[in-house]
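This report considers salt bridges, a pocket and a surface patch, beginning with the charged side chains.

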Amino acid sequence: MINIMYIVFLAMLSLAVSIDDGTEEVAEEAGQEEIAGLTNDTIPEEQTLSSRVFVIPTSRNVMRGSKFEAQIVLAEIDTLHDPQIYIDGKPFDSQAKGYFTALATREGMQTLKGYVEVANDNGENEHLPFETSYFVSEPMATVSNTMMNVMYAGIDNPVSISVPGIASSQITASMTNGVLTRKGGGWVARPSKVGEDAVISVTATQDGRSVRVSQMAFRVRRLPDPTPYLIYKDASGNSHQYKGGLPISKSALLNSGGIYAAIDDGLLNVEFKVNSFRIDIFDSMGNDIPEDSPSSQFTDRQLAKLRALQKGKTFFITRVKAVGPDGIERTLAPIQVILN
């Protein structure tokens, strides 16, 4: 019996060692073509793909107590073929290699969207859309004078509240010993009780989670006493405040109408209502002749006595009682009036 497998083996061996008829070269070429065919399908002649790992955070600003979240992605980068990128319908610079830069000129949430144009398996262009957002905040620094953390009871105290990296719409605040409300782009605090601290608590919302980021206590004080004054006009019709100690003409005094009071020291600008006052005029014997007014205006009896005064005469406006927005009535310092 002939061993068929043996015959096949001999035939293969003969084919492999034959040189004269050139079959060795044919076999080698056939093998190379087969290997080459496999290589073209799987391994390119020139490397075109590069593997990189990207970490994509949901936010780079993370508050203490909240979570840092990021997606870790393994990507293959085509080093030979640059896909065309379009942002807001306009082609993006291909030389930038996909690195996008924009000047931040507007505050608030900004949106970046577009698409990448790539060729699919059929050789047709395909659009892969993308969209992301980022927040632009104003450059800021917080400077606080801890010795002057004072609020005044009964009035609106302007307060600035901000959290770096957080939109103002995502910030809430509350206050003890008073009321805290938004006003325009800021806040207004109105403490109620003198001597009791007002504590402001600030909460910020990020990624759907609210976190208390700050607490600050303010000392609550009573408003300082205002300064009483007269209002008169000069020869040009300009209004001026007369607070005493300097000469004033009788006509300017009589036309002033009455007494006013306010805090106007460059820090506070608070007006008070004058409820009553007295004028003290001393005769030649040194006797005081007082005359009271139950309001902020000169009475007819007071005006009559003022008209009778001679040039160079000095008198006093005393017992000025005024009440401010805090509801506290107080007696103010006297005004020394010198007639010119």
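In this predicted model, Arg222, Asp225, Asp326 and Arg330 are joined in a network of salt bridges, and the structure holds 7 salt bridges. Three further pairs are set out below.

| Salt bridge | Closest N and O atoms |
|---|---|
| Arg190 and Asp156 | 2.9 Å |
| Asp292 and Arg278 | 2.5 Å |
| Glu291 and Lys305 | 3.2 Å |

Arg190 belongs to strand E11 (residues 186-191) while Asp156 sits in the loop between strand E7 (150-152) and strand E8 (157-159), so this pair ties together parts that are 34 residues apart in sequence. Arg190 is partly exposed, at 36% relative accessibility, and Asp156, at 41%, is partly exposed as well.

Asp292, in strand E19 (residues 288-293), and Arg278, in strand E18 (residues 269-282), tie together parts that are 14 residues apart in sequence. Here Asp292 is partly exposed at 42% relative accessibility, whereas Arg278, at 16%, counts as buried because buried means under 20%. Strand E19 also holds Glu291, whose partner Lys305 lies in helix H4 (residues 300-307); Glu291 is buried, with a relative accessible area of 12%, and Lys305 is partly exposed, at 25%.

Turning to the pocket, the largest one contains about 2200 Å³ of space and is lined by 49 residues, with Ile56, Gly98, Phe100, Leu112 and Thr132 nearest its centre. Its lining divides into 25 nonpolar, 16 polar and 8 charged residues, and the largest share, 6 residues, comes from E6.

On the surface, Val53, Val55, Ile72 and Leu74 form a nonpolar patch with about 430 Å² of accessible area together, to which strand E1 (49-57) and strand E2 (70-78) each supply at least two residues.

Methods
Residues numbered from 1 in each chain as written. Predicted model: local features only at pLDDT ≥ 70, side-chain atom pairs only at ≥ 80, totals over all residues. Heavy atoms only, no water. Patch = residues over 30% accessible without salt bridge, like charges linked within 9 Å, V, L, I, M, F, W, Y side chains within 5 Å. Areas by Shrake-Rupley, 256 points an atom, 1.4 Å probe, with all protein chains shown as cover. Salt bridge = Lys/Arg side-chain N within 4 Å of Asp/Glu carboxyl O. Helix = DSSP H or I, 4+ residues; strand = E, 2+ residues; numbered from the N terminus. 1 Å grid on protein atoms, 1.4 Å probe; cavity = no way out; pocket = protein on both sides within 12 Å on 5 of 7 lines; lining within 4 Å. Points joined across faces, edges and corners; volume = space filled by probe spheres on them. Nonpolar A, V, L, I, M, F, W, Y, C, P; charged D, E, K, R; others polar. Buried < 20%, exposed > 50% of the residue type's maximum accessible area, 1.4 Å probe, protein only.
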